[in-house]
Amino acid sequence: MWKVNILTLFPEMYPGPLAYSISGRSMYSNIWNLEVKNIRDYAKDKHKIVDSPPYGGGGGMLLRPDVLGKAIEDFFLQNNYPIIYLTPKGNLFNQSMAKSFVNSYKGINILCGRFEGIDERVIKEYKISEVSIGDYVLSSGDIASFVLIDSCLRFVQGNIGNKESLTEESFAEGDYENLLEYPHYTKPLLWKSNEVPKVLTSGNHKKINEWRLNQAKEATKNNRPDLWNKYLNGEKK
């Protein structure tokens with residue numbers, strides 16, 4: 001069973017969307033497990049204060065290191081999973097990172113920040129990995145955690161029924177490495193004067209595979225020139 005441990009100020013947000021569809025079915029089938037704890041439970045004072053203003057001035061509040069340290073030591077340090085802090089200044093999350101989290105560890109620990117962030121000393125003290133899901137800012141790490149967890153779960157054994165769906169999707173390894181996924185079509189054959197490409201109904205699997213690869217190349221070239229350059233240079237993720 002693959003495990004996900006989360007420290008957050010809003011435990012009531014979980015499991016949220018993870019309780020539905022593939023991730024929900026596999027969670028209730030004990031393929032993976034989610035445990036969530038409230039950071040505020042580790043505050044010392046009667047008002048359960050977890051934040052303070054930053055030294056040197058500036059906007060926002062920071063989660064205190066004494067509170068976070070106690071929470072991390074009580075919850076996260078009871079296992080050898082990596083500790084992930086979701087932040088816009090972290091390493092950009094991608095498909096290969098998701099696969100590595102699943103293949104290299106029996107679970108992950110996720111620290112969800114709020115306010116302006118957390119005290120830098122916490123990151124250094126516990127050797128926390130900073131991860132970003134994109135070049136934008138969210139109100140909390142909780143929203144980002146759903147993205148990271150869902151992406152990782154696709155690589156957990158028993159979670160995805162058809163393994164072939166992992167080999168030809170966007171960012172997959174092999175022929176489609178650094179390429180976006182090709183377009184898909186289903187019934188009806190003709191819809192609003194638009195017909196399914198004839199090659200897909202030809203039964204010629206070699207030509208179908210060639211068409212799909214060419215379509216993936218075209219989509220990547222037009223939509224993600226950064227990935228297209230990596231593909232042309234033969235870079236590996």
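Author: Ser-145 counts as buried because its relative accessibility is 0%, where buried means under 20% relative accessible area, exposed over 50% and partly exposed in between, with a 1.4 Å probe and protein chains only. The model is predicted, so local features need pLDDT of at least 70 and side-chain atom pairs count only at pLDDT 80 or more, while totals for chains, interfaces and linings use all residues. Residues are numbered from 1 along each chain as its sequence is written, and side-chain values use heavy atoms, with hydrogens and water left out.

Ser-145 sits in helix α5, which covers residues 141–153; helices (H or I, at least four residues) and strands (E, at least two) are DSSP runs numbered from the N terminus. A polar atom of the Ser-145 side chain lies 2.5 Å from the backbone oxygen of Asp-142. Setting aside residues up to four places away in sequence, Ser-145 touches Tyr-14, Leu-86, Ile-110 and Cys-112, contact meaning heavy atoms within 4.5 Å.

From there we can turn to Gly-113, which lies in the loop between β6 (107–111) and β7 (117–118). Gly-113 also counts as buried, because its relative accessibility is 8%, and, leaving aside neighbours within four places in sequence, Gly-113 is in contact with Leu-63, Tyr-85, Ser-140 and Gly-141. An unreviewed UniProt entry places the feature "binding site" at several positions, including Gly-113 and Leu-138, though such annotations may be inferred rather than shown by experiment. Leu-138, found in the loop between β8 (129–132) and α5, counts as partly exposed because its relative accessibility is 34%.

Note on methods. A polar contact is a pair of N or O atoms within 3.5 Å; within protein, one must be able to donate a hydrogen and the other to accept it, and residues adjacent in sequence count only if both atoms are side-chain atoms.
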